[in-house]
Amino acid sequence: MSQNIYTMGKELDLKAEQEKTLATPKLSANAILRMMFLSMDILYGKGRTLPKVLVLEILARYPYWAWENGAYKKLSRLYCGTRAVPEKSVRDALRHIDMGREAQDNEQWHMLLWADMCQQKNIRLGWFKHFLLPRKMTFVYYYLTRIMYRLNPRWSFKMNAAFESHAEHEYMRFAQEHPEFDDEPVESIWFDEFYPRQKTLGDLIRRVGLDERDHMNHSLAEVERLCE
Ligand SMILES: [Fe+2]
Ligand SMILES: [Fe+2]
C-alpha cells in the first residue's frame with residue numbers, strides 16, 4: 001500500500017478531505033462492532049457530541065494495546081521454545097508492537113484533547129457514563145481483540161479497520177453537522193507538545209478524523225501483508 005495515502009504530518013485541505021470521506025462508504029462492521037455502536041447510541045444518544053467521541057477514543061486505544069501485548073507474548077513464546085525461531089514471525093511481531101505503540105499514543109492524544117474540550121465547556125457525564133460504562137466496554141473490547149489476535153491476527157486488524165472507518169465518518173459528519181465549529185477558535189494544553197495545533201474546533205475534528213483514516217489504512221495494509 002502506498003505511503004502517499006497517509007495524511008499525518010501533511011498540510012492538507014481539511015474540508016476537501018472531509019468531502020472525500022463523506023463520499024466514501026464506511027467499511028462494513030462485524031457483529032461485535034455493530035453491537036458496540038448500537039450500545040453507544042443507546043447509552044450516549046444517537047447524535048454526535050464531544051462526550052460521545054471522548055468515549056470512542058477511550059475505546060480506540062485498546063486494540064493497539066492488545067496487539068502490543070499479544071505480540072510481546074508471542075515473542076516470549078517463540079524465544080522460550082527449543083525450536084528455531086522463524087524470522088517472519090519475529091518481524092510480524094515487531095511490526096505489530098511498533099504499530100500498536102504509535103497508534104495507541106495517537107488515540108491517547110485524541111482522548112486527552114476531547115477530555116480537555118469537555119472540561120473547557122463544563123460538560124460532565126457523571127460517574128456511570130463517564131467512568132463505569134467506558135471501563136466495562138474497554139474490558140470487553142480489549143479481550144475480544146486479544147483473543148482474535150491470538151487466534152488469527154488478520155481478524156483483529158480487519159475489525160480495527162472497520163472501527164476506524166466508523167470513527168473517521170463520525171468525525172466528518174460531526175464537523176458537517178456543526179458549521180458553527182468553524183468559527184470557534186480552539187486552544188488546548190495538549191497542542192504543540194502532543195498534537196499539531198489547529199485553528200478552529202471544526203478543523204480539530206476534521207484532523208482527528210483524518211488520523212482515524214490513517215489508522216484504518218494501516219490496519220488494511222497489515223491485513224494485506226499477513227495474506228502475502
Ligand atoms: Fe482516535
Ligand atoms: Fe483511530
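Student: Is the crossing in which H4 passes H7 left-handed or right-handed?

Tutor: This is a predicted model, in which local features need pLDDT of at least 70 and side-chain atom pairs count only at pLDDT 80 or more, while totals for chains, interfaces and linings use all residues. Residues are numbered from 1 along each chain as its sequence is written, and chains are lettered from A and ligands numbered from 1 in the order in which they are written. Helices are DSSP runs (H or I, at least four residues) numbered from the N terminus, and a crossing is left-handed if the near helix is turned anticlockwise from the far one by less than a right angle, right-handed if clockwise. By that criterion, the crossing of H4 with H7 is left-handed.

Student: Are H4 and H7 roughly parallel or roughly antiparallel to each other?

Tutor: The axes, which are lines fitted to C-alpha atoms over the stretch in contact, with angles running from 0 to 180 degrees between N-to-C directions, come within 11 Å for H4 and H7 and cross at roughly 160°. Angles under 35 degrees count as roughly parallel, over 145 as roughly antiparallel, 65 to 115 as roughly perpendicular and the rest as oblique. H4 and H7 are therefore roughly antiparallel.

Student: How many charged residues does the contact of H4 with H7 include?

Tutor: Residues are in contact if their C-beta atoms, placed from the backbone, lie within 7 Å, and those of H4 that meet H7 include Met-99 and His-110. Asp, Glu, Lys and Arg count as charged, Ala, Val, Leu, Ile, Met, Phe, Trp, Tyr, Cys and Pro as nonpolar, and the others, Gly among them, as polar. Beside five nonpolar and four polar residues, the charged ones number two.

Student: How is H1 oriented to H7?

Tutor: H1 (residues 14-22) passes H7 in a left-handed crossing. The axes of H1 and H7 come within 10 Å and cross at roughly 50°. That angle makes the orientation of H1 to H7 oblique.

Notes:
Helices (H or I, at least four residues) and strands (E, at least two) are DSSP runs, numbered from the N terminus. Two residues are in contact if their C-beta atoms, placed from the backbone, lie within 7 Å.
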